[in-house]
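Keep the sequence and the model side by side.

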Amino acid sequence: MSAYPIPLVLVAAAVAAQAQATVSFSTDVKPILEARCLKCHGASMQAGKLDLRSRDGALRVLKPGQPEQSSLYKKVAGVEKPAMPMDGKLKPGEIEILRSWIAQGAQWTEALGGTGGAKNGLQAMEQYTPPAEARKQWAFRKPVKAAIPATGDEHPVDAFLHQTLADRGLKPAPPADRVTLVRRAYLDLIGLPPTPDEVKQFVDDRSDKAWENLIERLLASPHYGERWGRHWLDVARYADSNGYEHDFDRPNAWRYRDYVIRAFNNDTPYDVFLQEQFAGDEMDEVTNDRLIATAFLRNYAKVGFREKDNPQYRFDYLDDMIATVGRGVLGLTIQCARCHNHKFDPIGQRDYYKLQAALFGYVEVDHPLVAAAEAKAYEAKTQEINARLKPLRDQIKLLDRPYEEALLVEKYKKWPEHIQQAIFTPENQRTPGQVLLANQITRTTRVANSEIDRVMKPEELARKRQLEGQVREIEKERPKPIPVAMGITDGDYRFAPDGPGDEPAPGKGIKQEVTEGSFLCDGSRPYQAPPAYFLHHGDAGSRGSVVEPGFVTVLDDGSMPAAMTPAHKRTSGRRLALAKWLGSRSNPLTARVMVNRIWHHHFGRGIVTTLDNFGKTGDAPTHPELLDWLAVEFMDRGWSIKEMHRLLMTSRAYRMSSQFAEEGNLRKDAENLYWWRFRQQRLEAEIVRDNILAISGGLNRTQFGPAVFPELPQQILASMEKGIWRRHADGPEVWRRSIYVYRKRGLPLPFFEVFDLPDQNITCGRRNVSTVPTQALTLMNNEWVLNQARRFADRVATEAGSNKDTQIERAYQLAVSRPPTTEELAVARQFLAKGSLADFAHVLMNLNEFIYLR
C-alpha cells in the first residue's frame, strides 16, 4: 500500500461522471470487497475483529450517507492510517465506487463470501506476483556501470562526486594535512592510533606512493581484521550468550568471532564469505573454518526453554535468520512479510516462506574440529561412560524425587492463589491461560541439591553419598573434551537433542550424533528436507500448502537453482543455493548493499543512508550512478573488500579536510550530503576503549581465543541473575582489544553501552551515535579510565623525562598524533604548574579530537 494518501479531489475528478450514477452492490461493490477485503476481514480471519461479510459487521467502519466520516472509505483513500488494503492500493475508480456507494446509503443486498470463501481467501493469500512496475524501482534493477563523468579527475570516485558538486554549485574542501591523514588511515583500517614513529615515517616519506604504501601496510596488519570484522559482527548479531531470561553462556561462540577476523585478514571474497556462513558444511571443500562459519545462522538470541516445549520458538529463530539475511545482506525488511504481504515493498508472504524453506531443515550441532576418527572415538568412549553412569544417576534421582517434589510444592505455595490453582490443576484440564502461568513458574522453579540433602533421611543420604562416589570414580575416565564449533547443519529437527541452552547437558558429549539412525543423515542415501509450509497469518498452527525453497521474486531472474545436492548427500544444498544466489551477479542488491556499507564506514554516511533498507521506506541514494558503478566494480574485482578499501581511500574525496567551512556550501548543503568535505566520525565504543589502552601502553595485543571479562563493579555483578561473568582482576589479562570482550546479551559492558553499543539481539547495519552527558561523565569519573590515565602519565614520564615541555609534546603526540599548538602548549604549562601529569593525561583522553576520526 502506498504511504501517500490519494487526494480526494483527484479521485473524484478522475471519475466524476461515474459519481452521478447509481452504484450496484452486487455488480460494483461486492467484487471489490470479496477480492480485496475478505482475505483479512472474512471467514479466514477478522483482523481488528472486523468482519465485512455482512452489513451489520461493516457498520463498524461505515456511516451510510457520509463517506468522509466512514473509516472504510478514509482508509482505502489513504487519508487515515493504516491505509488499506495492506497488499496494495485500490484503483481510483474502485475507490470512487465505494465512496458513491456509501454516499447513496451503503445498501447491502446479499451476503459476501459464500461457500468456499474461507478456503479461497486463504489460497489467495498464498498467491503473490509483484506488479510489473516493481522491477523498475532503482534497487530492484541490476546495477550497471555508467560512463565516468568527464570532469578531468583521474579517480572515478572523484569524477562522480565532483560532477554532483559542480551541478549544485558546491566547492570541494582542500586536502587534509599529512598528520591528519595518517591518523585517519590508522583509526579507519585498524582502529588504533599511530605511534609517533609511525606518524613521522609517513610524514617524512615524500615518495609518490607514500599514501598507497601506508594503505598496504595497514591492510596487511593482523589488526585490520579486528577492526573491520567488528563491523560484520554487528550485522551477524554476534554475542557470547543466549540472551532472554536465562542468558546461558555459549562457550564456543568465540570461534565464529575469530573466523570473521581471519576472513577479513585473508580478504576472503565476499561471495565466498557468504557461502561459508550460510552453507560451509555444504561446500565442495569443507574445512574447520567453514564449519565454524555456520554459526552465522545460529547467532540468534535464544530462549532458555526447549523447542520441543514450544515449537513456536523455532519459527521465531527462523524469522531472525530471515531478518538477518534481508537487512544484513539484501538491505530489505523481508521479515515484515511473515504474516502478510509486505506493506510497502513488492515482497509477498510467499517470498518469506520460500526463504524459510531454504533454511527450514537446519539443526543446531557442535561440529567436531578434529579428524572424524578421533571424534568417533571420543563419542564412543563418552557413550560407554554415560551408559555406566545411567543406572547410578537413576538411583540418585529415585532417592531425590520425593523430597524434590515436596520442596517444589512448598515453593509453589508462595505464589498467589490463582497461580497455585494453575499449577495444581492436572495438565490435561488446564485452560490456555493456566498453561501459560503454570509453565512460566514450573520451568523456572528449581530445587537445589543442597536443599534436598538438608531434609533427606540419614540412611538415604548415606546411600546417595555412596552412589555419588561411584559416579565420581567413573567420571575420572571421561576423555578430555575435543574442540567443537557452535554451528548448524541439515537434519530432522524433530529428533535433534535439545538441552536448556546451546550446549549439551553434562555427560552427553557433543550434539552431533555419528551413529546410524541419528537425527543427521549419514550420506548413505540423499538427505530429505522436512516439508516447510506457508503459514497463514504467520501462525504455526495454520498451515497452508507446502512451500519449495526459492528467492525473493522481484529480485530473481530465474537463472539460479534453489537447491543443489552436495556430493556428500548429507544435506539438502538449499542453503548453498541461497548463498550462491545472494552472491551472484544476477542478484541486484547484494553488491550494492556491501559497497554501501564499506562507503559508510569510510565516509561516515552511506550513499544510501539507510544501510539495511533499500526499499520504498528507505532513503534514496544521493549518487545512484556512483553506487552502481562501485557495485559492478566490486564484483569485477572478485568481491574483494580490500580492493574496495584501496579504491575508496586513494580518492581525493577520502583525503579531503574535515575542517573546511565554506559559507556557500553551508547554505546549500549544511548536512554535507554530497561530500564537499570529509565527515568527522565519533569512534565506536570498542575503539574508544582500545585507544585508551593503546596510549596508556597497557594494550595486550594477543589475538584470538576465548573472551575476556573486564572487571565490573560489585553492584552491577549483583544484578546479574543468569549466565556468567567471570571475575578477572583489572590488568593485562583483560586489557585485550575490545572485540575479545565477552558479549553478554543480558549485561553489556557498561562502558560500551554508554557509547552506543547496538542491540546485540538483532542485526545492526548502522550504529546510533548520541551525544549525552553520561559519555563525558564516564570519561571523567570512571575508575578504569582514571587508572589508564595514570598509566598514560607514567608512560609519558618514562619516555619524555622530567622536562614539562617535552612531556606535553609527547603526550599530545601519543593521544592525538600531533604536537600541541602554541596556544595549547601555553595552557598545558599553566595546567602542569598547578596540577599533576596524571590529571593532564586524563584531560587529553577527554578531548573531542581523541574520540573522533577527523
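This predicted model holds 62 salt bridges. Side chains of opposite charge can pair when their charged atoms come close. A few of the pairs show how such contacts link parts of the chain.

Start with K145 and D636. Their side chains meet in a salt bridge, at 3.6 Å from N to O. K145 sits in the loop between helix 8 (117-126) and helix 9 (156-167), while D636 belongs to helix 27 (residues 624-636), so the pair ties together parts that are 491 residues apart in sequence. How accessible are the two partners? K145 has a relative accessible area of 36% and is partly exposed. D636 is partly exposed too, at 44%.

Next, go to K411 and E451. Their closest N and O atoms are 3.2 Å apart, and the two form a salt bridge. K411 is in helix 20 (residues 372-412) and E451 in helix 23 (residues 449-455), so this pair ties together parts that are 40 residues apart in sequence. K411 is partly exposed, with a relative accessible area of 22%.

Now look at E643. It forms a salt bridge with R637, with the closest N and O atoms 3.1 Å apart. E643 is partly exposed at 24% relative accessibility. R637 is partly exposed as well, at 28%. Through shared partners, salt bridges join K145, E216, R585, E633, D636, R637, E643 and R646 into one network.

Finally, check confidence. The mean pLDDT of the protein is 90, and 92% of its residues reach 70 or more. Over residues 1-19 the pLDDT is below 50. The pLDDT is also below 50 over residues 499-517.

Conventions: Residues numbered from 1 in each chain as written. Predicted model: local features only at pLDDT ≥ 70, side-chain atom pairs only at ≥ 80, totals over all residues. Heavy atoms only, no water. pLDDT = per-residue confidence, 0-100. Contact = heavy atoms within 4.5 Å. Salt bridge = Lys/Arg side-chain N within 4 Å of Asp/Glu carboxyl O. Helix = DSSP H or I, 4+ residues; strand = E, 2+ residues; numbered from the N terminus. Buried < 20%, exposed > 50% of the residue type's maximum accessible area, 1.4 Å probe, protein only.
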